[in-house]
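Dear colleague,

I am handing over the structure below, and my notes on it follow. Please read them with the coordinates open beside you.

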Amino acid sequence: MLSEHFTAALIYATQLHANQVRKGSGVPYIAHLLGVASIALEYGANEDEAIAALLHDAIEDQGGAATREEIRRRFGENVTAIVDGCTDADTIPKPPWRQRKEAYIAHIPTASPSVLLVSAADKLYNAQSILKDYRVLGESVWERFQGGKAGSLWYYRSLVNAFSNTQTTAIVEELERVVTQIEVLAKK
């Protein structure tokens, strides 16, 4: 069961991301955070992992080092380590897109099981969103992403490969299925 720590993280995440929306859709960003936490819980997350799922973009998008320290103060070292493991950049400006993505992929084989679970939940949520939006918007969906069509397809396939080489779990298998569906649509 989830405790008041999860509730506190939900409130904190909602406050941190209150003015943020998803790229190209205008959907409040909290929908993404709730979706990632839901997926993580469905695949066996414990409370710290579920809290980290809610906060997985906080350092990257909402304050860098100061936010990291606030997460550590409020939720402890374990949650902070998981969020850090899901963060591809904590500086402004961020490094170039391809460089960040290559570094993120390279860290997957050494990531903890908790980071792997939360990261896979995040990537699964994103891939499901791309697939859903692709079916509605077609090729214009790629305009939302810095990597465009080719870069995005490369990134998601590379993620699947890195996760698969590290662990074969139900969440990784589901990510592979969704990414394959995107690839099939992209070839039409």
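**The largest pocket**

The largest pocket is lined by 35 residues, and those that lie nearest its centre are R22, K23, Y29, N126 and F145. On a 1 Å grid over the protein atoms alone, a pocket is an open set of points with protein on both sides within 12 Å along at least five of seven lines, a cavity is a set of points where a 1.4 Å probe fits but cannot get out, and lining residues have an atom within 4 Å of a point. This is a predicted model, in which local features need pLDDT of at least 70 and side-chain atom pairs count only at pLDDT 80 or more, while totals for chains, interfaces and linings use all residues. Residues are numbered from 1 along each chain as its sequence is written, and side-chain values use heavy atoms, with hydrogens and water left out.

The volume of the largest pocket is about 810 Å³, where a volume is the space filled by probe spheres set on the grid points, which are joined across faces, edges and corners. Two or more residues of its lining come from each of α4 (58-61), α6 (97-107), α7 (113-137) and α8 (148-166), and α7 gives the most, with 8 residues. Helices here are DSSP runs (H or I, at least four residues), numbered from the N terminus. By class, the lining of the largest pocket has 12 nonpolar, 9 polar and 14 charged residues, with Ala, Val, Leu, Ile, Met, Phe, Trp, Tyr, Cys and Pro counted as nonpolar, Asp, Glu, Lys and Arg as charged, and the others, Gly among them, as polar.

**The cavity**

The structure holds 1 cavity of 30 Å³ or more, and the largest cavity contains about 50 Å³ of space. Its lining is made up of I130, W142, S152, L153, Y156, V179, I182 and E183, with α8 and α9 (170-187) each supplying at least two residues. That lining divides into 6 nonpolar, 1 polar and 1 charged residues.

**Helix α6**

In α6, the residues W97, R100, K101, Y104 and I105 are buried, buried meaning under 20% relative accessible area, exposed over 50% and partly exposed in between (1.4 Å probe, protein chains only). Seen down the axis of α6, these buried residues fall within an arc of 130°, so they line one face of the helix; the arc is that of the directions from the helix axis to the C-beta atoms. They pack against α5 (64-85), α7 and α8, contact meaning heavy atoms within 4.5 Å.

**Three individual residues**

H56 sits in the loop between α3 (47-55) and α4 and is buried, with a relative accessible area of 0%. Its side chain makes polar contacts with the side chain of H32 (3.1 Å) and with the side chain of D57 (3.1 Å). A polar contact is a pair of N or O atoms within 3.5 Å; within protein, one must be able to donate a hydrogen and the other to accept it, and residues adjacent in sequence count only if both atoms are side-chain atoms.

A37, in helix α2 (residues 30-42), is buried at a relative accessible area of 2%, and, not counting residues up to four places away in sequence, A37 touches A50, A53 and L54.

D48, in helix α3, is partly exposed, with a relative accessible area of 27%; leaving aside neighbours within four places in sequence, D48 is in contact with N78, V79 and I82.

With best wishes
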